[in-house]
Amino acid sequence: MNNDYLDPINALHVPELADTTFAMDFLLRSKEGVRNIAVALTESASPDVRALLRKQLIQGIAMHQEITDLMISKKWFHPHELSEQYQLDQLSANNTLKIGKMNLFPAETNRKGMFDRTPDEH
């Protein structure tokens, strides 16, 4: 990865990185949702509300497990192999630092002549 965010070489593996990032965010949000529902359940007094929250809690836990299983099967998450998870976390941190160092608002953005054909050609 170089510092030119418009350089096509920087687009390599971006879809995979995006999928991993979205999945991890979804996993964290589902965990947060389970936690919030559990708190709401302990605070509610209505039997009907408690029954509804119990049902949502079970669904939330099931969704969290499904996301976890997907991420493990894709090798995006290693909850039982801490050294492998650490390597993924280090890679993510390094990529974040590299992106942070990019000049995302350069004065010159003209890329004319950089590609072998214009966008209108097929």
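User: What is a nonpolar core?

Analyst: Start with burial: buried means under 20% relative accessible area, exposed over 50%, and partly exposed in between, with a 1.4 Å probe and protein chains only. A nonpolar core is then a set of buried Ala, Val, Leu, Ile, Met, Phe, Trp, Tyr and Cys residues joined through side-chain atoms within 4.5 Å.

User: What kind of model is this?

Analyst: Residues are numbered from 1 along each chain as its sequence is written, and side-chain values use heavy atoms, leaving out hydrogens and water. Local features need pLDDT of at least 70, side-chain atom pairs count only at pLDDT 80 or more, and totals for chains, interfaces and linings use all residues, for this is a predicted model.

User: Which pattern does the protein follow along the sequence?

Analyst: Helices (H or I, at least four residues) and strands (E, at least two) are DSSP runs, numbered from the N terminus. The protein has three helices and zero strands. Read along the sequence, the pattern is α-α-α.

User: Which residues form the largest nonpolar core?

Analyst: This core has six residues. The members are Ala-23, Leu-27, Ile-67, Met-71, Trp-76 and Phe-77.

User: Which residues does Ile-67 contact, leaving aside neighbours within four places in sequence?

Analyst: Contact means heavy atoms within 4.5 Å. Ile-67 is one of the buried residues of α2, and what covers those residues includes α1. The partners of Ile-67 are Ala-23, Phe-26, Leu-27 and Ser-30.

User: What span does α2 reach from its first C-alpha to its last?

Analyst: α2 has 27 residues. The expected span of a helix is 1.5 Å times one less than its number of residues. For α2 that expectation is 39 Å, and the helix comes close to it, reaching 39 Å.

User: Is Ser-44 buried or exposed?

Analyst: Ser-44 sits in the loop between α1 (14-43) and α2 (47-73). Not counting residues up to four places away in sequence, Ser-44 touches Val-49, Arg-50 and Leu-53. Its relative accessible area is 16%, so Ser-44 is buried.

User: Which residue just after α2 takes a positive phi?

Analyst: α2 covers residues 47-73. Just after this helix, a phi of about 65° belongs to Lys-75.

User: What share of the residues is buried?

Analyst: The protein has 122 residues. In α2, the buried ones include Leu-53, Gly-60 and Thr-68. Over the protein, the buried share is 18%.
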